[in-house]
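I opened this notebook to record what I looked up in the structure. The entries take the sheets, then the helices on them, then the salt bridges.

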Amino acid sequence: MDRTQELRDMGELVLGLRGISKHFGAVSALTDIDLDVHAGEVVALVGDNGAGKSTLVKILAGVHQPSSGSITFRGKPVTLADPSAALGLGIATVFQDLALCENLDVVANIFLGRELSPYRLDEVSMELKAWTLLNELSARIPSVREPVASLSGGQRQTVAIARSLLLEPKLILLDEPTAALGVAQTAEVLDLIERVRDRGLGVIMVSHNMEDVRAVADRIVVLRLGRNNGVFEPDASNQELVSAITGAANNSVSRRASRRQAQSGQAPAPEGRP
């Protein structure tokens, strides 16, 4: 039995969306979206620009309210009235801009807005908790007193994810976590996502990079024009994914795959004359 089937059979259903739609006036951004996320599972959300990925993430983060449909969290119907309600339930979001204060150190960023003993900061306890979180993630941070401005892109993503774990959520939303990162930093963040999954959390990862998606995702959910357009396993071909994302079966990826298939099926040329 593969890992994805094991998760479906054994993992708790953390999030369930049924018939989620969102309208902005006459514009329909989402229509009848269904989505399930289990504990210990990474679900990749992919689609072209305008497919509705960001709108769906904002609904789950409590920024937007759905026009129709239902949301269940850990088996109970919920209403995500605002970001505080989402956080209170156990849904943490790391947006693409990370929302870090570059002039503050790692500890201050992790506890920003959630300081211990805010009227007389408990710096020692905050530093110990910050080290604990980062060590659990096997993070490569030189010092928790290092200003965020001096950290690499991958290290900043690590700080943002560590901050999201502070309230012990059950579901983490990652919006383009590897965007604009180099090869080494991307590998660092993908390892971090796997460690978050291994902690038993559900993860929704929004990404345009199919190789990153395949590296860590247990399932790939495709949105197209605000609707569900397929659920794929990580070993799905580029041709299948691109066709689902674009809605066009005839594209450069499918043509390249057809040429390779035709070449592999050709009979070998004769080695010489008899």
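**Entry 1: the six-stranded sheet.** I began with an open, mixed sheet of six strands, ordered E6-E7-E8-E3-E9-E10. Strands (E, at least two residues) and helices (H or I, at least four) are DSSP runs numbered from the N terminus, and two strands pair if DSSP finds at least two bridges between them. At the edges I found strand E6 (91-94) and strand E10 (227-232), each pairing on one side only. From one strand to the next the twist averages 20 degrees; axes are lines fitted to C-alpha atoms, for helices over the stretch in contact, and angles run from 0 to 180 degrees between N-to-C directions.

I noted that this is a predicted model, in which local features need pLDDT of at least 70 and side-chain atom pairs count only at pLDDT 80 or more, while totals for chains, interfaces and linings use all residues. Residues are numbered from 1 along each chain as its sequence is written, and side-chain values use heavy atoms, with hydrogens and water left out.

Entry 2: Strands E3 (residues 42-46) and E8 (residues 202-206) run parallel and are joined by four bridges. Leu45 stands opposite Val206 in E8. I then looked up helix H9 (residues 238-246), which packs on the sheet and touches E3, strand E9 (219-224) and E10; contact means heavy atoms within 4.5 Å.

**Entry 3: the four-stranded sheet.** A further open sheet has the order E2-E1-E4-E5, with antiparallel pairing. Its edge strands are E2 (27-38) and E5 (76-78). Eight bridges pair strand E1 (residues 13-24) with E2, and Gly16 has Asp36 as its bridge partner in E2. Helix H2 (residues 53-60) lies across E1, E2 and strand E4 (68-73), at about 120 degrees to E1.

**Entry 4: salt bridges.** How many salt bridges does the structure hold? I found eleven, where a salt bridge is a side-chain nitrogen of Lys or Arg within 4 Å of a carboxyl oxygen of Asp or Glu. Arg18 and Asp36 meet in one of these, at 3.0 Å from N to O. Arg18 lies in strand E1 and Asp36 in strand E2, so the pair ties together parts 18 residues apart in sequence.

Arg219 forms a salt bridge with Glu41, with the closest N and O atoms 2.6 Å apart. Arg219 lies in strand E9 and Glu41 in the loop between E2 and E3, so this pair ties together parts 178 residues apart in sequence. Both Arg219 and Glu41 are buried (under 20% relative accessible area; exposed is over 50%, partly exposed in between; 1.4 Å probe, protein chains only).
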